[in-house]
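Colleague: I am new to this one, and I would like to understand the terms as we go. Could you show me the structure and take my questions?

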Amino acid sequence: MTSKQAGRPSSFTQEIADEICARLGKGEPLAVICRDDHMPAVRTVSDWKAAHPDFSAAFACARDEGFDAIAADCLDIADDKSGDVKIVGGEDNPIEVCNTEFVQRAKLRIETRLKLLAKWDPKRYGDKVDLNHTGAIGLTIAPEDAEL
(Lines give C-alpha, C1' and ligand atoms only; values in the text may rest on other atoms or scores of the structure.)
Protein backbone atom coordinates (compact mmCIF):
# COMPACT_ATOMS: atom_id res chain seq x y z
CA MET A 1 0.00 0.00 0.00
CA THR A 2 1.45 3.37 -1.02
CA SER A 3 0.63 6.53 0.79
CA LYS A 4 -0.11 9.63 -1.21
CA GLN A 5 2.31 12.40 -0.33
CA ALA A 6 1.09 15.94 -0.29
CA GLY A 7 2.61 17.96 -3.09
CA ARG A 8 2.91 21.63 -3.74
CA PRO A 9 -0.37 23.35 -4.57
CA SER A 10 -1.01 23.70 -8.28
CA SER A 11 -4.64 24.78 -8.28
CA PHE A 12 -5.16 28.53 -8.22
CA THR A 13 -6.57 29.94 -5.00
CA GLN A 14 -7.15 33.60 -4.32
CA GLU A 15 -5.73 33.21 -0.82
CA ILE A 16 -2.36 31.99 -2.11
CA ALA A 17 -2.38 34.58 -4.92
CA ASP A 18 -2.97 37.35 -2.38
CA GLU A 19 -0.14 36.11 -0.17
CA ILE A 20 2.24 35.98 -3.15
CA CYS A 21 1.36 39.56 -4.10
CA ALA A 22 1.65 40.80 -0.51
CA ARG A 23 5.11 39.29 -0.13
CA LEU A 24 6.23 40.52 -3.56
CA GLY A 25 5.08 44.01 -2.56
CA LYS A 26 7.47 43.92 0.39
CA GLY A 27 10.40 43.14 -1.90
CA GLU A 28 10.64 39.41 -1.34
CA PRO A 29 11.78 37.59 -4.51
CA LEU A 30 9.35 35.11 -6.06
CA ALA A 31 11.91 32.29 -5.87
CA VAL A 32 12.13 32.76 -2.10
CA ILE A 33 8.35 32.87 -1.73
CA CYS A 34 7.94 29.67 -3.74
CA ARG A 35 10.40 27.78 -1.49
CA ASP A 36 7.77 27.66 1.25
CA ASP A 37 6.02 24.30 1.46
CA HIS A 38 2.54 25.75 1.09
CA MET A 39 3.46 27.75 -2.03
CA PRO A 40 3.34 26.62 -5.65
CA ALA A 41 6.43 26.30 -7.81
CA VAL A 42 7.66 29.34 -9.76
CA ARG A 43 6.50 27.71 -13.01
CA THR A 44 3.01 27.23 -11.56
CA VAL A 45 2.87 30.93 -10.65
CA SER A 46 3.76 31.75 -14.27
CA ASP A 47 0.94 29.48 -15.44
CA TRP A 48 -1.45 31.23 -13.04
CA LYS A 49 -0.46 34.63 -14.46
CA ALA A 50 -1.20 33.40 -17.97
CA ALA A 51 -4.57 31.91 -16.96
CA HIS A 52 -5.79 34.67 -14.61
CA PRO A 53 -5.52 38.24 -15.96
CA ASP A 54 -6.53 39.78 -12.62
CA PHE A 55 -3.75 37.91 -10.84
CA SER A 56 -1.29 38.90 -13.56
CA ALA A 57 -2.15 42.59 -13.11
CA ALA A 58 -1.97 42.36 -9.30
CA PHE A 59 1.35 40.50 -9.61
CA ALA A 60 2.82 43.25 -11.83
CA CYS A 61 1.72 45.98 -9.40
CA ALA A 62 3.08 44.04 -6.44
CA ARG A 63 6.38 43.51 -8.20
CA ASP A 64 6.69 47.28 -8.84
CA GLU A 65 5.92 47.96 -5.18
CA GLY A 66 8.52 45.38 -4.22
CA PHE A 67 11.16 47.03 -6.39
CA ASP A 68 10.42 50.33 -4.67
CA ALA A 69 10.66 48.60 -1.28
CA ILE A 70 14.09 47.22 -2.20
CA ALA A 71 15.21 50.70 -3.30
CA ALA A 72 13.97 52.14 0.00
CA ASP A 73 15.87 49.37 1.78
CA CYS A 74 19.05 50.63 0.09
CA LEU A 75 18.47 54.06 1.62
CA ASP A 76 17.90 52.54 5.05
CA ILE A 77 21.14 50.57 4.81
CA ALA A 78 23.06 53.66 3.65
CA ASP A 79 21.60 55.82 6.44
CA ASP A 80 22.31 53.28 9.20
CA LYS A 81 25.36 54.56 11.09
CA SER A 82 24.98 52.23 14.06
CA GLY A 83 27.95 50.05 13.22
CA ASP A 84 30.20 52.53 11.43
CA VAL A 85 32.42 53.10 14.46
CA LYS A 86 33.93 50.64 16.89
CA ILE A 87 35.78 51.23 20.14
CA VAL A 88 39.30 49.87 20.47
CA GLY A 89 41.75 50.12 23.31
CA GLY A 90 41.21 49.52 26.96
CA GLU A 91 38.70 51.06 29.33
CA ASP A 92 41.25 53.65 30.35
CA ASN A 93 42.02 54.73 26.75
CA PRO A 94 39.04 54.03 24.44
CA ILE A 95 39.51 55.11 20.83
CA GLU A 96 36.82 55.30 18.16
CA VAL A 97 37.88 53.91 14.77
CA CYS A 98 36.04 53.24 11.54
CA ASN A 99 34.51 49.77 11.43
CA THR A 100 35.54 49.08 7.83
CA GLU A 101 34.07 45.57 7.87
CA PHE A 102 30.61 46.94 8.69
CA VAL A 103 30.90 49.74 6.15
CA GLN A 104 32.06 47.39 3.37
CA ARG A 105 29.29 44.90 4.17
CA ALA A 106 26.70 47.68 3.95
CA LYS A 107 28.20 48.78 0.62
CA LEU A 108 27.96 45.21 -0.70
CA ARG A 109 24.34 44.90 0.43
CA ILE A 110 23.41 48.12 -1.34
CA GLU A 111 25.31 47.30 -4.55
CA THR A 112 23.77 43.83 -4.73
CA ARG A 113 20.26 45.22 -4.42
CA LEU A 114 20.89 47.96 -6.98
CA LYS A 115 22.35 45.48 -9.48
CA LEU A 116 19.35 43.21 -9.08
CA LEU A 117 16.97 46.15 -9.53
CA ALA A 118 18.81 47.19 -12.70
CA LYS A 119 18.39 43.65 -14.08
CA TRP A 120 14.80 43.21 -12.98
CA ASP A 121 13.55 46.66 -14.04
CA PRO A 122 16.13 48.33 -16.30
CA LYS A 123 13.79 51.12 -17.39
CA ARG A 124 13.36 52.40 -13.84
CA TYR A 125 16.55 51.30 -12.11
CA GLY A 126 19.11 50.68 -14.86
CA ASP A 127 21.73 53.07 -16.12
CA LYS A 128 20.52 55.35 -18.89
CA VAL A 129 22.16 54.45 -22.17
CA ASP A 130 22.20 57.30 -24.69
CA LEU A 131 22.77 56.05 -28.21
CA ASN A 132 22.16 59.39 -29.93
CA HIS A 133 25.09 60.73 -31.91
CA THR A 134 25.63 64.44 -31.39
CA GLY A 135 28.93 65.11 -33.16
CA ALA A 136 29.76 65.51 -36.82
CA ILE A 137 31.08 62.74 -39.03
CA GLY A 138 33.70 63.70 -41.59
CA LEU A 139 34.03 61.68 -44.76
CA THR A 140 36.68 62.11 -47.39
CA ILE A 141 36.47 60.24 -50.65
CA ALA A 142 39.80 59.53 -52.27
CA PRO A 143 40.05 59.64 -56.10
CA GLU A 144 40.24 56.23 -57.75
CA ASP A 145 43.79 56.77 -59.01
CA ALA A 146 45.18 57.76 -55.60
CA GLU A 147 47.63 55.44 -53.88
CA LEU A 148 46.51 54.07 -50.56
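Colleague: Which residues of α1 meet which residues of α4, and what makes that a contact?

Modeller: A17, I20, C21, L24 and G25 in α1 meet F55, A58, F59, A62, R63, E65, G66 and A69 in α4. Contact means heavy atoms within 4.5 Å. Sorted by kind, the residues of this contact are nine nonpolar, two polar and two charged. Here Ala, Val, Leu, Ile, Met, Phe, Trp, Tyr, Cys and Pro count as nonpolar, Asp, Glu, Lys and Arg as charged, and the others, Gly among them, as polar. Please keep in mind that this is a predicted model: local features need pLDDT of at least 70, side-chain atom pairs count only at pLDDT 80 or more, and totals for chains, interfaces and linings use all residues. Residues are numbered from 1 along each chain as its sequence is written, and side-chain values use heavy atoms, with hydrogens and water left out.

Colleague: What makes α1 and α4 helices, and why are they called roughly parallel?

Modeller: Helices are DSSP runs of H or I with at least four residues, strands are runs of E with at least two, and both are numbered from the N terminus. Helix α1 covers residues 14-25 and helix α4 residues 53-79, and they pack at about 25 degrees with axes 6 Å apart. The axes are lines fitted to C-alpha atoms, for helices over the stretch in contact, and angles run from 0 to 180 degrees between N-to-C directions. Angles under 35 degrees count as roughly parallel, over 145 as roughly antiparallel, 65 to 115 as roughly perpendicular and the rest as oblique. That is why α1 and α4 are called roughly parallel.

Colleague: How do you know that the span of α4 is close to the expected one?

Modeller: The expected span is 1.5 Å times one less than the number of residues. For α4, with 27 residues, the first and last C-alpha are 39 Å apart, close to the 39 Å expected. Helix α1 has twelve residues and reaches 16 Å, close to its expected 16 Å.

Colleague: What covers the buried residues of α1?

Modeller: The cover includes α2 (30-33), α3 (42-51) and α4. The buried residues of α1 are I16, A17, I20, C21, R23, L24 and G25. Buried means under 20% relative accessible area, exposed over 50%, and partly exposed in between, with a 1.4 Å probe and protein chains only. In α4, F55, F59, A62, G66, F67, I70, C74 and I77 are buried, and the buried residues of α4 pack against α1, α2, α3, α5 and α6.

Colleague: At what angle do α3 and α4 pack, and which residues make the contact?

Modeller: Their angle is about 115 degrees, and their axes are 5 Å apart. V45, W48, K49 and A51 of α3 and P53, F55, S56 and F59 of α4 make the contact. Those residues divide into six nonpolar, one polar and one charged.

Colleague: Why is L30 called buried?

Modeller: Its relative accessible area is 10%, so L30 counts as buried. L30 sits in helix α2. Apart from neighbours within four places in sequence, L30 is in contact with I20, L24, V42, V45, F59 and R63.

Colleague: Is W120 buried or partly exposed, and what makes it so?

Modeller: W120 has a relative accessibility of 39%, so it counts as partly exposed. W120 belongs to helix α5. Leaving aside neighbours within four places in sequence, W120 is in contact with P29, F67 and I70.

Colleague: And what makes D121 buried?

Modeller: D121 has a relative accessible area of 11%, and is therefore buried. D121 lies in the loop between α5 and α6 (122-125). With neighbours within four places in sequence left aside, D121 is in contact with D64, F67 and G126.

Colleague: Why does N99 count as buried, and what does its side chain reach?

Modeller: N99 has 17% relative accessibility, so it counts as buried. The side chain of N99 reaches the backbone oxygen of G83 at 3.2 Å. N99 is found in the loop between β2 (95-98) and α5 (100-120).

Methods. Polar contact = N/O pair within 3.5 Å; in protein donor to acceptor, adjacent residues only side chain to side chain.
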